[in-house]
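Load the model and keep the sequence beside it.

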Amino acid sequence: MYSIRPMTIDDLYVITNVNLDAFTETFAMNFYLHYLSKWPECCFVAEVADGTIAGYMIGKVEGYGLEWHGHCSAVTVAPEYRRTGLANLLMQRLEEICEHTHNCFFMDLFVRPSNVPALTMYRKMGYVVFRTIANYYGGNEDGYDMRKPLPRDRDLKCLEKSEEKPPGMENFFGNGGAGRGRAEETKAGGQLEDARQQGSGKRSGKKKK
């Protein structure tokens with residue numbers, strides 16, 4: 001059982017112990033302080049009963065117009081707490097904040113193509129590869145920019161130029177978008193909505209930005 005609470009400055013001296021694998025980026029202190037000061041609601045940790053930090057999330061919101069979105073900058077789980085669903089739980093919490101507090105159109109994140117466990121989790125949550133960025137990780141590995149529409153993006157505009165499409169959506173954007181309607185009212189849209197619900201459950205009461 002985990003409890004999730006807001007990240008504090010004191011946590012910054014502890015979370016480095018969670019960054020113990022090759023897929024986890026460790027940033028300078030100024031990076032974390034910037035996020036904590038500007039997007040505190042998007043930064044949180046997961047604790048176990050004895051107060052040990054098992055994982056954490058660093059996120060933000062950014063963009064303009066239809067590009068207004070939530071971004072997962074870092075989600076990390078300590079090795080001994082992996083494969084327990086904690087990373088999924090942290091992602092769900094960020095998605096809920098970005099949807100209900102900030103009314104974002106979509107979520108995005110960057111991941112290494114070689115990080116197969118993370119890719120598998122993100123795809124199960126409804127994320128698809130929007131674009132591939134050459135040499136994103138220090139010049140030795142490309143990066144996947146992955147996106148997931150949130151309910152505000154009813155017509156899935158965030159995926160119009162996506163390299164990948166959600167299952168069943170391959171022809172949704174054909175004919176220049178002709179006949180596009182509410183995604184939830186199409187069979188394919190229903191499949192995407194199922195993927196959304198895996199992460200966040202049924203939602204209501206959205207606020208307009």
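β2 and β3 form a hairpin, with 5 residues between the two strands. In the turn, G51 has a positive phi of about 90°. The model is a predicted one. β2 covers residues 43-47, and β3 covers residues 53-62. The two strands pair in the antiparallel sense, over 5 bridges. Look at E47 in particular: I53 of β3 stands opposite E47.

β2 has another partner. Strand β1, residues 3-6, pairs with β2 over 4 bridges, again in the antiparallel sense. Here P6 has F44 of β2 as its bridge partner. So β2 pairs with β1 and with β3, by the rule that two strands pair when DSSP finds at least two bridges between them.

How many of the residues of β2 are buried? The count is 5 of the 5, so the strand is largely enclosed by the rest of the structure. Now check the side-chain directions. C43, V45 and E47 point one way from β2. F44 and A46 point the other way. Residues on both sides are buried, E47 included.

Next, the cysteines. A search of the whole structure finds 0 disulfides. C98 is in no disulfide, and its nearest cysteine sulfur, that of C104, is 4.6 Å away. The cut-off explains the result, because a disulfide is a pair of cysteine sulfur atoms within 2.5 Å. Are these two residues buried or exposed? C98 has a relative accessible area of 0%, so C98 is buried. C104 is buried too, with a relative accessible area of 1%.

Finally, turn to the largest pocket. Its volume is about 1,000 Å³. The lining is made of 39 residues. Nearest the centre of the pocket lie V75, T76, N115, A118 and Y122.

Which elements give two or more residues to this lining? They are α1 (29-38), β3, β4 (69-77), α2 (86-101), β5 (106-111) and α3 (116-124). β4 gives the most, with 7 residues. By residue class, the lining of the largest pocket divides into 22 nonpolar, 9 polar and 8 charged.

Conventions: Residues are numbered from 1 along each chain as its sequence is written. This is a predicted model: local features need pLDDT of at least 70, side-chain atom pairs count only at pLDDT 80 or more; totals for chains, interfaces and linings use all residues. Side-chain values use heavy atoms; hydrogens and water are left out. Buried means under 20% relative accessible area, exposed over 50%, partly exposed in between (1.4 Å probe, protein chains only). On a 1 Å grid over the protein atoms alone, a cavity is a set of points where a 1.4 Å probe fits but cannot get out, and a pocket is an open set with protein on both sides within 12 Å along at least five of seven lines; lining residues have an atom within 4 Å of a point. Grid points are joined across faces, edges and corners, and a volume is the space filled by probe spheres set on the points. Ala, Val, Leu, Ile, Met, Phe, Trp, Tyr, Cys and Pro count as nonpolar, Asp, Glu, Lys and Arg as charged, and the others, Gly among them, as polar.
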